[in-house]
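Student: I would like to learn how to read the contact between two chains. Could we work through an example together?

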Amino acid sequence: MDCKKVAELLPAYIDQELGVGELMGIDEHLQNCPDCRREHAAQRDLGAQIKARASYFTAPPHLEARLRASLPKSNAAAPRRWTMQWRAPWLHTGIAMACALVAAWSLGLYVMQPSAQERLAEEIVSDHVRSLQVDHLSDVASTDQHTVKPWFNGKLDFAPPVVDLATQGFPLVGGRLDYLDGHAVAALVYHVRQHPINLYVWPASSHDVASTQTRNGYHLMHWTAQGMNFWAISDCAASDVERFAQGLRVAVNEPT
Amino acid sequence: MTDLTKSQRFEATVLPHLNSAFNLARWLTRSDHDAEDVVQEAYLKAFKYFERFHGGDGRTWLLAIVRNTFYTHYRQSQEHSRSEQFDEDCHSMEDISAHGAKTAENALQRRDDERMVNRALEKMPIEFREVLVMRELDDLSYRQIADVIGIPIGTVMSRLARGRKLFAGLLAHNGQEA
């Protein structure tokens with residue numbers, strides 16, 4: 001690689017945005033070219049100066065409050081003006097009945113505490129969202145099941161089944177370690193038409209009937225097979241999640 | 001019910017990026033007050049058009065709206081009130097880099113390092129300032145910056161390279177003044 005090419009690629013080299021080939025080319029050039037080495041150090045230090053010393057302005061607390069207040073509140077009905085006169089005698093009976101209803105309803109809420117299964121589903125939704133937010137979908141990025149599966153060796157005390165479903169439209173894109181329901185779990189990442197699917201796998205202590213549900217716009221599917229818990233979640237169409245689960249069950253039962 | 005889902009999804013995917021949004025808006029407007037206005041307007045827009053967001057990177061999507069909001073409503077008025085546009089004729093690149101690196105290094109030893117870095121960054125032309133802020137302060141990848149601004153990745157790279165050099169020049173210049 002010549003100096004001109006190196007100069008052009010230096011910013012991407014510093015920001016670790018290059019592929020392995022170009023990276024090695026520049027490494028080699030820098031070892032032999034003092035001029036480019038100086039240029040590299042100067043650029044790198046400038047970036048570091050900004051990172052270390054320029055202010056990061058965090059939003060003032062009142063701004064978040066103002067935003068939340070200005071966004072439509074969908075779970076609270078619009079407040080209605082109470083224009084009726086208190087004089088109407090039947091109203092007292094009405095209010096008493098309303099109070100009784102509220103009491104019965106809140107008792108109902110109390111009885112309907114979320115089950116362990118529901119809490120787990122909620123945990124999975126948050127984990128899925130978090131994995132997308134922090135741009136941390138995969139620790140091992142590979143479309144090769146024979147790369148992803150061994151990656152879990154020594155990181156988990158079980159061997160998750162890893163299969164690629166590219167032929168069915170669900171290419172494997174990677175995997176990562178995650179923590180759910182008090183266990184370290186394997187999270188496998190698949191794609192379907194640009195939508196990520198997170199598949200969580202860990203050993204099951206009981207056999208659960210397959211179930212589907214929708215939460216916050218995400219479709220979840222849960223089943224157990226071969227002594228493992230499987231939870232799949234995605235924002236793609238519910239039918240896609242079901243197709244994905246179906247394909248996976250077949251593939252896991254008949255490993256290639 | 002669908003509305004409830006929309007609010008909750010919005011809270012989960014867009015609201016967490018408030019600090020990123022504010023930081024970018026603050027560096028674009030260079031004023032706390034204007035930054036708050038830009039962010040608030042951007043969030044209202046984001047909520048209104050949230051149906052158009054089909055998963056993916058909530059932060060990139062929000063930052064693009066923040067940036068558009070700024071460019072549509074705020075930039076023109078700002079240009080008139082305080083133009084500190086970088087004059088490339090006065091500060092030619094060669095001129096700067098000649099004594100730039102050395103002077104910049106010395107100047108940075110001083111106690112008011114941070115103030116000087118901030119001042120230099122504030123004085124940068126906006127198209128370089130925004131890529132530097134997203135890259136160095138918010139750790140966005142080239143791909144993400146390209147998506148926010150709507151330019152090719154190669155342009156992101158060249159603006160960063162150019163931006164860092166301009167920054168060095170401004171820092172050296174400020175150092176001499178101080």
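Tutor: Start with a term: buried area is the accessible area, taken with a 1.4 Å probe, that two parts lose on being put together, summed over both. The size of an interface is often given in this way. Keep in mind that the model here is predicted.

Student: How much area do chain B and chain A bury between them, and what share is on carbon and sulfur atoms?

Tutor: About 4300 Å² is buried between chain B and chain A, with 61% of it on carbon and sulfur atoms. In terms of residues, 41 of chain A are in contact with 51 of chain B.

Student: How many salt bridges are there between chain B and chain A?

Tutor: The general idea is that side chains of opposite charge can pair when their charged atoms come close. Between chain B and chain A the count is nine salt bridges. One of the pairs is Glu36(B) with Arg66(A), at 3.4 Å from N to O.

Student: Which element gives the most to the side of chain B that touches chain A?

Tutor: That is α1(B), with 10 residues. The residues on this side of chain B divide into 23 nonpolar, 14 polar and 14 charged.

Student: Which residues are linked in a network of salt bridges?

Tutor: The network links Asp15(A), Glu17(A) and Lys51(A) with Arg135(B), Glu136(B), Asp139(B) and Arg164(B).

Student: What does the salt bridge between Arg215(A) and Glu122(A) tie together?

Tutor: The closest N and O atoms of Arg215(A) and Glu122(A) are 2.9 Å apart. Arg215(A) lies in strand β5 of chain A and Glu122(A) in helix α6 of chain A, so the pair ties together parts that are 93 residues apart in sequence.

Student: Is Arg215(A) buried or exposed?

Tutor: The cut-off for buried is under 20% relative accessible area. Arg215(A) counts as buried because its relative accessibility is 16%. Glu122(A), at 46%, is partly exposed.

Student: Where in chain B does pLDDT stay under 50?

Tutor: Where pLDDT is low, the predicted coordinates should not be read in detail. In chain B, pLDDT stays under 50 over residues 81–96. For chain B as a whole the mean is 80, and 74% of its residues reach 70 or more.

Technical notes
Residues numbered from 1 in each chain as written. Chains lettered and ligands numbered in written order. Heavy atoms only, no water. Contact = heavy atoms within 4.5 Å. Salt bridge = Lys/Arg side-chain N within 4 Å of Asp/Glu carboxyl O. Helix = DSSP H or I, 4+ residues; strand = E, 2+ residues; numbered from the N terminus. Nonpolar A, V, L, I, M, F, W, Y, C, P; charged D, E, K, R; others polar. pLDDT = per-residue confidence, 0-100. Buried < 20%, exposed > 50% of the residue type's maximum accessible area, 1.4 Å probe, protein only.
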